[in-house]
Amino acid sequence: MYNLTTDEAVFTVIDLETTGFSPERDYIIEIAAIKFQGNVEIGRFWKLIRPDTGFVPPHITKLTGITNAMVIDQPYIKDVLPEFLNFIKDSFLVAHNIKFDLSFINHNARLYTGKTVKNPSICTDNLARRILPEIDSKSLEHVAYHLGIPYRQKHRAMSDAEVTMKVFEKMLQFLEDYNVNRVIDIIKLSEGKRINYRDKRKKYV
């Protein structure tokens, strides 16, 4: 699986909106995922989710636009998880600051299924720190702007996932110039590890 090229691998870009930063105290209120292989989109998953409290804090509504009225009739995360976990099955996960997303997903998966997500993952935030050092801020908004990617609706899960996917595709194109096209090497870069590479435009670097 890890020796697949980036054209062969199936990636799923994920993004969440939550009521706060703590998986133990806060709740997922929106979840989105886009699955693609070889630059071809092969599926989407999107749900609004009713928090267990049934209440979206005012500052989160101000940030995301997600209101109590929007989630009142939506399913709880325990009812959404099985479908979501099946959707991401056997794919490489991608997100901007993926530790945050996985912390919420794994907390709820452990709570309601007794298991955690084992998918290999790639963080575009970490990749940006490795391959785009010239950008002062590595926020998704700043990275997208630097790469010329429109970003019209911030802090909504599907919009953020779409932008992250486009950012990741640009990063893969950049790395291809250095003959870096195996998933294992992309994961290593994302984890801050060194890899051997060859610039196609030059001799070995």
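In this predicted model, Asp125 is a buried residue, its relative accessible area being 13%. Its side chain forms a salt bridge with Arg129, and the closest N and O atoms of the two lie 2.8 Å apart. Asp125 and Arg129 both belong to helix H5 and are four residues apart, so about one helical turn separates them.

**Helix H5 and its surroundings**

Helix H5 comprises residues 124-131 and packs against helix H7, residues 157-176, at an angle of about 35° and with the axes 11 Å apart. The crossing of H5 past H7 is left-handed. On the H5 side, the contact is made by Thr124, Leu127, Ala128 and Ile131, while H7 contributes Thr164, Phe168, Met171, Phe174 and Leu175. By residue class, the contact of H5 with H7 consists of seven nonpolar and two polar residues, with no charged ones.

H5 also lies across two strands, S4 (92-95) and S5, and runs at about 55° to S5. Helix H8, residues 183-190, lies across S1 (10-18), S4 and S5, and its direction makes an angle of about 50° with S5.

**The sheet**

The strands form an open sheet of five members in the order S3-S2-S1-S4-S5, and the pairing is mixed. S3 (40-48) and S5 (121-123) are the edge strands; each has a single partner strand, so one side of each is left without a neighbour in the sheet. On average, neighbouring strands of this sheet are turned by 20° against each other, direction ignored.

Strand S2, residues 28-37, pairs with S3 in the antiparallel sense, over eight bridges. Within this part of the sheet, Ala33 has Phe45 of S3 as its bridge partner.

**Salt bridges**

Across the whole structure, a search finds eight salt bridges.

| Salt bridge | Distance between N and O |
|---|---|
| Asp125 and Arg129 | 2.8 Å |
| Lys193 and Glu191 | 3.1 Å |
| Glu83 and Lys47 | 4.0 Å |

In the pair of Lys193 and Glu191, the side chains meet at 3.1 Å, N to O. Lys193 counts as partly exposed at 44% relative accessibility, and Glu191 falls in the partly exposed class at 48%. Elsewhere, salt bridges that share partners join Glu41, Arg44 and Glu162 into one network.

Helix H4 spans residues 98-113 and contains Asn106. With a relative accessibility of 15%, Asn106 counts as buried, since the class requires a value under 20%. Leaving aside residues up to four places away in sequence, Asn106 touches Lys115, Thr116 and Val117.

How values were computed. Residues are numbered from 1 along each chain as its sequence is written. This is a predicted model: local features need pLDDT of at least 70, side-chain atom pairs count only at pLDDT 80 or more; totals for chains, interfaces and linings use all residues. Side-chain values use heavy atoms; hydrogens and water are left out. Axes are lines fitted to C-alpha atoms, for helices over the stretch in contact, and angles run from 0 to 180 degrees between N-to-C directions. A crossing is left-handed if the near helix is turned anticlockwise from the far one by less than a right angle, and right-handed if clockwise. Contact means heavy atoms within 4.5 Å. Ala, Val, Leu, Ile, Met, Phe, Trp, Tyr, Cys and Pro count as nonpolar, Asp, Glu, Lys and Arg as charged, and the others, Gly among them, as polar. Two strands pair if DSSP finds at least two bridges between them. Buried means under 20% relative accessible area, exposed over 50%, partly exposed in between (1.4 Å probe, protein chains only).
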